[in-house]
Each structure stands twice: as structure tokens, then as C-alpha cells.
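Subject: Handing over the structure

Hello,

Here is the structure I promised to pass on to you. Have a look at it first, and then read on for what turned up in it.

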Amino acid sequence: MGDLEIRAAVAEDVPAIVGMLADDPLGAQRESPDDLSPYLAALERLTADPNQRLVVAVREGRVVGTLQLTIVPGLSRRGATRSIIEGVRVHADERGSGLGTRFIEWAIEESRRENCQLVQLTSDSTRTDAHRFYERLGFTASHVGFKMNL
């Protein structure tokens with residue numbers, strides 16, 4: 001896979017992150033790469049929260065992937081801590097290279113380091129390729145998700 005660094009995202013990474021978020025049919029409808037100010041404000045909030053990890057994968061000085069990992073303490077499951085993987089994106093040039101697998105494995109290991117008992121994620125119902133990918137990595141489609149725009 002060549003040299004790959006997974007590290008915390010910084011402000012200089014935001015244009016590349018937003019570009020990846022916008023680089024699919026769903027993201028193209030909801031992201032605005034022309035105005036980075038809300039993304040930079042969000043990065044500040046994420047960086048200040050010890051339960052958030054917004055990371056990037058960097059190869060040869062170029063951001064080629066991103067994901068957010070959230071650690072959630074809870075009472076259910078006998079006080080279990082869980083993690084949520086969100087916003088997984090791999091640059092189009094890197095798809096099929098194994099980066100996605102390495103990224104998810106990183107998130108699982110980070111979850112173990114945080115003593116999580118469960119790792120969960122959601123994937124839009126239209127992303128059937130992503131569903132197969134997550135199932136290959138051992139995730140099961142065990143729930144039906146709901147959301148409400150506010």
C-alpha cells in the first residue's frame with residue numbers, strides 16, 4: 001500500500017476533506033466546497049471534544065481519505081462504551097487499493113483502545129457497494145436507522 005499516515009485532521013486538510021465529501025451523488029447535494037467556513041468551525045468543535053476523532057489518511061503528502069470516530073459512553077449494555085464511525089470517504093484515485101479496509105481497521109483498533117464494547121456505523125440505503133464492504137469486514141446490518149432533518 002505504500003507509506004500511509006493516519007493522523008488527526010487539521011485546518012489545512014479541510015478543502016481535501018470537503019472535496020471527498022462532495023464527490024458522490026449524495027454529497028454533491030449537501031456539501032458546499034465553495035464556502036469552507038462552516039467546515040472550519042465544525043473542525044474547531046470536533047478538535048475541542050475529547051470523544052471525537054476526525055482523521056485523515058495521507059499518502060505522499062496528499063489527503064486520500066477521511067473518517068470521523070465518535071466515542072459514546074452509555075448506560076445500556078451494562079454501561080458499555082460504543083463508538084460510531086461516520087463520514088468515511090476514500091479519494092476516487094484510491095478506491096480498491098485497500099485503504100478503506102485499513103481505515104476501518106484503524107477505527108476498530110482505536111475503539112478497542114478506548115475500551116469500547118461495540119462499534120457501529122450507518123450507511124445510506126442506496127450505498128449497496130458500501131454495505132457489502134462493511135459486511136466483508138464483519139459488520140452486520142442489524143438495525144433500521146431513522147433520521148429527521150431539523
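**Around leucine 69**

Leaving aside residues up to four places away in sequence, leucine 69 touches Asn51, Gln52, Arg53, Ser83, Ile84, Ile85, Trp106, Ala107, Glu110 and Ser111; contact here means heavy atoms within 4.5 Å.

Before going further, a word on the model. It is a predicted one, where local features need pLDDT of at least 70, side-chain atom pairs count only at pLDDT 80 or more, and totals for chains, interfaces and linings use all residues. Residues are numbered from 1 along each chain as its sequence is written, and side-chain values use heavy atoms, with hydrogens and water left out.

**The cores**

Leu69 is also one of the residues with the most contacts inside the largest nonpolar core, together with Leu67, Ile85 and Ile104. That core has 20 residues. By nonpolar core I mean a set of buried Ala, Val, Leu, Ile, Met, Phe, Trp, Tyr and Cys residues joined through side-chain atoms within 4.5 Å. Buried stands for under 20% relative accessible area, exposed for over 50%, and partly exposed for what lies in between (1.4 Å probe, protein chains only).

Two or more residues of this core come from each of S2, S3, S4, H5 and helix H6 (128-136). The helices (H or I, at least four residues) and strands (E, at least two) are DSSP runs, numbered from the N terminus. H5 provides the largest share, six residues. There is also a second, separate core of 13 residues, and Leu21, Leu43, Leu46 and Val63 are among them. As a general point, nonpolar side chains in soluble globular proteins tend to be buried together.

Leu21 brings us to helix H1 (residues 14-22), whose buried residues are Val14, Ile17, Val18, Met20, Leu21 and Ala22. Their cover includes helix H2 (25-30), helix H3 (37-48), strand S2 (52-59), strand S3 (62-73) and S4.

**Helix H5**

H5 has 15 residues and reaches 21 Å from its first C-alpha to its last, close to the 21 Å expected at 1.5 Å a residue; the expected span is 1.5 Å times one less than the number of residues. Its buried residues are Leu99, Gly100, Phe103, Ile104, Trp106, Ala107, Ile108, Glu110 and Ser111. They pack against strand S1 (5-8), S2, S3, S4, S5 and H6. After H5 comes asparagine 115, with a positive phi near 60°.

**Charged pairs**

How many salt bridges does the structure hold? There are nine, counting a side-chain nitrogen of Lys or Arg within 4 Å of a carboxyl oxygen of Asp or Glu.

One of them joins glutamate 110 and arginine 53, with the closest N and O atoms 3.1 Å apart. Glutamate 110 lies in helix H5 and arginine 53 in strand S2, so this pair ties together parts that are 57 residues apart in sequence. Both glutamate 110 and arginine 53 are buried, the latter at 15% relative accessibility.

Arginine 53 also meets glutamate 114 in a salt bridge (2.5 Å, N to O). Because glutamate 114 lies in the loop between H5 and strand S5 (118-121) and arginine 53 in strand S2, the pair ties together parts that are 61 residues apart in sequence. Glutamate 114 counts as partly exposed, at 32% relative accessibility.

Another salt bridge is formed by the side chains of glutamate 94 and arginine 59 (2.8 Å, N to O). Glutamate 94 sits in the loop between S4 and H5 and arginine 59 in strand S2, so parts 35 residues apart in sequence are tied together. Glutamate 94 is buried, with a relative accessible area of 9%, and arginine 59 counts as buried at 12%. Salt bridges that share partners also join Arg53, Glu110, Arg113 and Glu114 into one network.

**Arginine 82**

Arginine 82 is found in strand S4 (residues 81-90). Although buried, arginine 82 has no salt bridge, and the nearest side chain of opposite charge, glutamate 86, is 13 Å away. For charges, Lys and Arg count as positive and Asp and Glu as negative, while His and the chain ends are not counted.

What does the side chain of arginine 82 join in a polar contact of 2.9 Å? The partner is the side chain of glutamine 120, and a polar contact of 3.4 Å joins arginine 82 to the side chain of serine 76. A polar contact is a pair of N or O atoms within 3.5 Å; within protein, one must be able to donate a hydrogen and the other to accept it, and residues adjacent in sequence count only if both atoms are side-chain atoms.

Best wishes
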